[in-house]
Amino acid sequence: MHTLRPPARFTPWDSGSYEITPQLRLLGTDFGNGELDQKAILFDREFPRSRANKLASRAERLEKYICEHALREEVALQASQLLLEKLCQEHENLFQRETKGEKIFLRCNLTQETLAFSSDGIYLPGDSKINISPAYGSGLDALASQLQADLAIVQIDGKSNHLSYLHVCAPSHWSPEQKIGKTFREVHSPVPGAEIPLLRPEQQLAESMCRKNPFVRFVWSFVTDDRLNHHPAPPPGEDPLRWRGRRLDADFFLRIERQVILPIPGAQAGLFLIHYSFWRADEIRQDSRLALSLKQSIESMGPEALAYKGLA
């Protein structure tokens, strides 16, 4: 296994005020992590845990975590090519590309797998060397499984938009099967207060994320463990109350989602990368500035937001 660096640290609550807005920043905005803030895709010491979670999710039931709806072929191909390019550009020590004739081979050093593609981006399972079960069903599936992050694709179709692909093995109290195919408005409708600042310009916001510069945004929430997978339906044999992980009668973690939105060139679609990290309660308490801003953010929440975050 290659030596991986410690996780980047993000503090999206440090404004001291809780707001329901998209809060899109240009990718490359300085959050204090140096070159890591420039990268769309992050890898760190938590990769083995992420990989193990993806393998467990695949073994449980693929369709619970990997879904698609009316995904256009050109969107899937362009998204795969975008991922391949980003992996090789940003992490050349972890991913090496080699062209042999009409085939492209991507060596993935962290998983010890080699993925094969035709020159036009079609995944070639017969030429690939993988060690996973169930086998990858597409190029997107194969590439997403090499990432530490989860991913989603929002697709523009005329004057509408919808989630056309989800490869999410670490959902935070939501079900990919219930979100796939929904519009931006429908996906975010459960968020208290989102209907005004977030959803009113729904189509314009979706088009901006799919056609303009790469953006980054953050989502944070309280949990009582640092387990990645918080799908609302626990796997067989798991205790439902323990699995839910939001009974804040003990201590807590802050779960941070760094969401990077990459326009997919020429496809009228956007690729969302969702990278997870955690702060322990004691880490926050040891920093008086972080502790104060978190306290102020909680105090600024309304009753509905407190209930949604599990803090009521």
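Visitor: How many salt bridges does the count come to?
Guide: The count comes to 18 salt bridges, and it should be kept in mind that the model is a predicted one.

Visitor: What makes the contact of Arg 72 with Glu 74 a salt bridge?
Guide: The closest N and O atoms of Arg 72 and Glu 74 are 2.8 Å apart, and the rule asks for a side-chain nitrogen of Lys or Arg within 4 Å of a carboxyl oxygen of Asp or Glu, so the pair is called a salt bridge.

Visitor: Why is Glu 74 called partly exposed?
Guide: Glu 74 has a relative accessible area of 40%, and since buried means under 20% and exposed over 50%, the value falls in between and the residue is therefore partly exposed.

Visitor: How do you know that Asp 127 and Lys 103 form a salt bridge, and where in the chain do they lie?
Guide: Their closest N and O atoms are 3.1 Å apart, which is within the 4 Å of the rule, so the name applies. The pair links distant parts of the chain, with Asp 127 in the loop between strand S5 (113–118) and helix H4 (139–144) and Lys 103 in strand S4, 24 residues apart. Asp 127 has a relative accessible area of 31% and Lys 103 is likewise given 31%, so each of them counts as partly exposed.

Visitor: Are Arg 227 and Asp 225, which also form a salt bridge, buried or exposed?
Guide: Both Arg 227 and Asp 225 are buried, and their closest N and O atoms are 3.6 Å apart. Elsewhere, Arg 9, Arg 280, Asp 282 and Glu 283 are linked in a network of salt bridges.

Visitor: What span is expected of helix H3, and what span does it reach?
Guide: Helix H3, residues 73–90, has 18 residues and reaches 26 Å from its first C-alpha to its last, close to the 26 Å expected at 1.5 Å a residue. Its buried residues include Val 75, Ala 79, Leu 83 and Leu 87.

Visitor: Which residues lie nearest the centre of the second largest pocket, and which element gives the largest share of its lining?
Guide: About 320 Å³ of space lies in this pocket, which is lined by 14 residues, with Pro 7, Glu 46, Arg 49, Ser 277 and Phe 278 nearest its centre. Strand S10 gives the largest share of the lining, 4 residues, and by class the lining has 5 nonpolar, 3 polar and 6 charged residues.

Conventions:
Residues numbered from 1 in each chain as written. Predicted model: local features only at pLDDT ≥ 70, side-chain atom pairs only at ≥ 80, totals over all residues. Heavy atoms only, no water. Helix = DSSP H or I, 4+ residues; strand = E, 2+ residues; numbered from the N terminus. Expected span 1.5 Å × (residues − 1). Buried < 20%, exposed > 50% of the residue type's maximum accessible area, 1.4 Å probe, protein only. 1 Å grid on protein atoms, 1.4 Å probe; cavity = no way out; pocket = protein on both sides within 12 Å on 5 of 7 lines; lining within 4 Å. Points joined across faces, edges and corners; volume = space filled by probe spheres on them. Nonpolar A, V, L, I, M, F, W, Y, C, P; charged D, E, K, R; others polar.
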